[in-house]
Amino acid sequence: MLFAHDTECGLIASAALVNTESAQGEGLPDVAALGAFITAQGWTGRHEQTEAELRSVRELRPRLRRIWYADTDEIVAIVNGLLREAGALPQLIRHDDEPYHLHAVPRDAPLATRMAVEAAMAMADLVRSGELSRLRRCAYPDCDNVLVDLSKNRSRRFCDAGCGNRAAVTAYRARKAAAGS
Ligand SMILES: [Zn+2]
Ligand SMILES: [Zn+2]
């Protein structure tokens, strides 16, 4: 493990949330889709299942996406802003069979607030350890998904949406075409 467990979870969850907003379509079209997303991502705690909650989660996405495009100083400004707005107060807690980890807002804080703070805390770890280069954008042409490279050799280039396979197929066809000509 490169980073603390909660940091890695926060990074992966942030990228997944950012990637629900893509040129291919809206990944969180309604309240039910948000419910399915947070279940898949392992979110527990307060979940209102309202349009307002859905809206606030959607509104968080462009702010988080910006982190993947920004330089260090801008990332720091975003992270500090998210923590300040949420009134973040880091506390070690234990719940659901997980070992002690940091929460910076209460478990009954609104979902979008908890998502924002979890992302900000994880990004703060990356800044402090000089590892912002782990934040990548998918190398597949026309894919606007983001990813977090948690591999030991920093080799990850493609997002989780199948771009790695697509790139392998394209490369294979190109080799075959070259061999046949
Ligand atoms: Zn927790
Ligand atoms: Zn991709």
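The chain you have open has six helices and six strands, where helices (H or I, at least four residues) and strands (E, at least two) are DSSP runs, numbered from the N terminus. This is a predicted model, in which local features need pLDDT of at least 70 and side-chain atom pairs count only at pLDDT 80 or more, while totals for chains, interfaces and linings use all residues. Residues are numbered from 1 along each chain as its sequence is written, chains are lettered from A and ligands numbered from 1 in the order in which they are written, and side-chain values use heavy atoms, with hydrogens and water left out.

**The whole chain**

Begin with the cartoon view and follow the elements from the N terminus, which run α-β-β-α-α-α-β-β-α-β-β-α. Along its principal axes the C-alpha trace spans about 65 × 35 × 35 Å. If you colour by accessibility, 39% of the 181 residues count as buried, a word that here stands for under 20% relative accessible area, with exposed meaning over 50% and partly exposed in between (1.4 Å probe, protein chains only). Among contacts (heavy atoms within 4.5 Å) between residues at least 6 apart in sequence, 53% join residues at least 24 apart.

**Helix H1**

Next, select residues 5–18, which form helix H1. The end C-alpha atoms of H1 are 20 Å apart, which agrees with the 20 Å that its 14 residues should span at 1.5 Å a residue, the expected span being 1.5 Å times one less than the number of residues. Because 10 of its 14 residues are buried, H1 is largely enclosed by the rest of the structure. Among these buried residues are Leu11, Leu17 and Val18, and the partners that the buried residues of H1 pack against are strand S1 (21–22), H2, H3, H5 and S6.

**Helix H2 and Ala33**

Move on to residues 31–40, helix H2, where you will find Ala33. Val31, Ala33, Leu34, Gly35, Phe37 and Ile38 are buried in this helix, and what covers the buried residues of H2 includes H1, H3 and H5. Why does Ala33 count as buried? Ala33 has a relative accessible area of 18%, and the cut-off for buried is under 20%. Show its surroundings, and you will see that Ala33 is in contact with Gly27 and Leu28, once its neighbours within four places in sequence are left aside. Just after H2, stop at Gly42, which takes a positive phi of about 80 degrees.

**The nonpolar cores**

Now select Trp68 and Met115, the residues with the most contacts inside the largest nonpolar core, which has 42 residues; such a core is a set of buried Ala, Val, Leu, Ile, Met, Phe, Trp, Tyr and Cys residues joined through side-chain atoms within 4.5 Å. The elements that give two or more residues to this core are H1, H2, helix H3 (51–69), helix H4 (72–85), helix H5 (111–128) and S6, and H5 gives the most, with 10 residues. Not counting residues up to four places away in sequence, Met115 touches Leu17, Phe37, Ile38, Trp43, Val57 and Leu60. Apart from this core lies another, of seven residues, among them Leu147, Phe158, Cys159 and Ala167.

**The zinc ion, ligand 2**

Finish at the zinc ion (ligand 2), which is coordinated at 2.3 Å by Cys138 (SG), Cys143 (SG), Cys159 (SG) and Cys163 (SG). The four donor atoms subtend angles of 107 to 117 degrees, so the arrangement is tetrahedral, a label given to four donors if all angles lie between 85 and 135 degrees. The donors follow the spacing C-x4-C-x15-C-x3-C. Cys143, in the loop between strand S5 (135–137) and strand S6 (146–148), and Cys159, in the loop between S6 and helix H6 (163–180), are 16 residues apart and link distant parts of the chain. Cys159 is buried, with a relative accessible area of 7%, and Cys163 is also buried, at 1%. The structure holds zero disulfides, a disulfide being a pair of cysteine sulfur atoms within 2.5 Å.

Key
Donors = N, O, S within 2.8 Å, 3.2 Å for Na, K, Ca; no water. Tetrahedral: all angles 85-135°; square planar, octahedral: opposite > 155°, others 65-115°.
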